[in-house]
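These notes are meant for a colleague who is opening this entry for the first time. Please keep the sequence and the model in view while reading the points below.

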Amino acid sequence: MAHAEHAAAPAILQEVNPAVLPRAVLVANNRSFSWITEKICGIIEGKTPAWWWIFFGVAVFVASFTVAGITYLIATGVGVWGHANPVNWAWDIVNFVFWIGIGHAGTLISAILCLLRQKWRTSINRSAEAMTIFAVVCAAIFPVFHVGRVWYAWYLFPIPNSNVIWQNFRSPLEWDVFAVSTYGTVSVLFWYVGLLPDLATLRDRFYAAGDKFRSFLYGLFAMGWRGSNRHWSNYEMAYMILAGISTPLVLSVHTIVSFDFAVSLLPGWHTTIFPPYFVAGAIFSGFGMVLTLMLPLRAVYHLEDLITQYHIDCMCKITLATGTIVGYAYAMEFFIAWYSANPYEGFTFINRAFGPYAWAYWIMITCNVLTPQFFWSRRVRQNTTLVWVLSIFVNVGMWFERFVIIVTSLARDFLPSSWGYYSPSIVEIFTFFGTFGVFSTLFLLFIRFLPIMPMAELKAVTPQADVHGGSDHH
Amino acid sequence: MAAPSYGLIATFDTAPGLYRAAQQVRDAGYRNWDCITPLPVHGLDKAMGLKRSIVPRISLAGGITGFVTGMTMVWWTDAFDYPLLVGGKPMFSPMFAFPVSYELTILFTAFATIIGMFVVNGLPMHYHPVLKHDHIRRGMDDTFFIVIEARDPRFNLANTSALLAQAGGKDIKELET
């Protein structure tokens, strides 16, 4: 086919004979279909490794901090957190935006890269989607418990109730309820649809191994999938539509999260740059977290043939690109603060960089703007330990970004007489610390019981799946 | 035939082998037949002569329902059932109703797509004659199959199995219902 296309091309192409760039190898060492199945299913079918139990124990212990913090909050009242006038939004919203942002890389990988036909996504999309779902779970904890009387949290949804009154749909916070709950739901659906063929593979393997119980459980969720191409045809279409709607979804979710701030009148929040700036930051932090999770997984399960250096390069480059966009946004905020000649806006930004929270601001700048610049170097990208350490810096930096935006603006707004300084309470610190345990617990359960990579999709990007004789054209 | 059978199943080792065989079965005029593949094979829909999936139409219906639901809900709750003036803003405006309607468009599209995909595929179906084939579990791993159903008007045990054999199919077996 490639030759036929050349023949139809203008004569000049015949003359210069442009070189065809070699496609990056996505599954190294020319592995067979059954090797992929064995590798991924082997993780689930093998004996639970000792390290898993250790990590799981630690994760559950850390998660208990969230349980303890939340229990204390319910028993006492929302005052156990450190919020007080003028800072009535603090760690709860910081942590909420932090976790939601982490989730966004999962959707980016599964949806946007799918639409852009970036086939390298296949190795990492399953675990990145799992990361999304678990991050949304962690994110939801904070606003839900910040409402104070959590047993009334269902008032967030328009459910008829005895007060007869309805939700205020003019408020961005109500938009956020719909954005985040839709995001969580669609992420789960998308993840499940991707899992369907792999669950069928596991069903059949457990059946062959004589494990009727596990075969039944995986089979129940596999819905009787039998690999029929008539089904694949509808399945692929459905998958593409889900990718197509998840793309505007992920962009809208963080846009609406940024509306929580941008629609208010507070200096430092009331800016039009927020939606794109928040989305870029979310993708940046999400890729940081993907690297943090995938690099150890790759080492522990020897997945070097499936997550190749090419994959790591791609992820590092996206981190670099989005980190640089975030750096540009920081600079642009300063420029607009000066250019708008609004004294309050100008003060807010001087105050961020040199006020009482300057330490947080410079941590943010160092981690988010300087750290990713190391990824320009190929030598750095090839050093997985260093990449992992840098990815941790990205996670830290993005948490501080939300802290800087939310707390500095509230702590010093218009009237100096109402200024204040916010510090978190120990309950807040424990609750946030514990969410890392919640996240790790869920993620460890995922890698133990579900295929961490989409086997069917991985097989589809190998050379032996190509029925057209090697010419990849679309 | 004496014992009613579901049809014939043939095994293929490689994706290109299956692809070429599918073209032959399509050209022989069969309608009730299927390929069993562990992965979505690029271009196999065309080789089987399948029409474009109707799932997108269901998705569109879901999306329109979602958007209308969102707009109607915001208008009905805030401007009709219990109008409440907040911050001097209008009782209803498509502007502030948009984010919620947008999210509901996506939510309803997702549900319509997935439910539509399952319904069109006839899933869940935990029992199926194809799943009784001895080697079918490899169809979820690394092997490919073609199944031609006995209810196809052109089905004839001798001719159909000859076609499958000639197309490169191995281990041609009858499937019980």
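1. Chain B holds five helices and four strands, where helices (H or I, at least four residues) and strands (E, at least two) are DSSP runs numbered from the N terminus. Read along the sequence, these elements follow the pattern β-α-β-α-α-α-β-α-β. The radius of gyration of chain B, taken over C-alpha atoms, is 25 Å, well over the 16 Å that the globule rule (2.2 Å times the number of residues to the power 0.38) gives for 177 residues, so the chain is more spread out than a compact globule. Its C-alpha trace spans about 80 × 30 × 30 Å along the principal axes.

2. On the basis of the coordinates: this is a predicted model, in which local features need pLDDT of at least 70 and side-chain atom pairs count only at pLDDT 80 or more, while totals for chains, interfaces and linings use all residues. Residues are numbered from 1 along each chain as its sequence is written, chains are lettered from A and ligands numbered from 1 in the order in which they are written, and side-chain values use heavy atoms, with hydrogens and water left out.

3. Chain B is divided into domain 1 (5–52 + 125–176) and domain 2 (55–121), with bounds that come from an automatic or database domain assignment. The C-alpha centres of these two domains of chain B lie 43 Å apart.

4. Turning to the interface, 68 residues of chain B are in contact (heavy atoms within 4.5 Å) with 61 residues of chain A. The area buried between the two chains, meaning the accessible area (1.4 Å probe) lost on putting them together and summed over both, is about 5800 Å², of which carbon and sulfur atoms give 68%. B:Pro40, B:Glu103 and B:Met140 supply 12% of the area that chain B buries against chain A, more than any other three residues.

5. One salt bridge is counted between chain B and chain A, the term requiring a side-chain nitrogen of Lys or Arg within 4 Å of a carboxyl oxygen of Asp or Glu. B:Asp78 forms a salt bridge with A:Arg170, and the closest N and O atoms are 3.7 Å apart. Among the elements that give two or more residues to the side of chain B touching chain A are helix H3 (55–81) and helix H4 (94–121) of chain B, and H4(B) provides the largest share, 17 residues.
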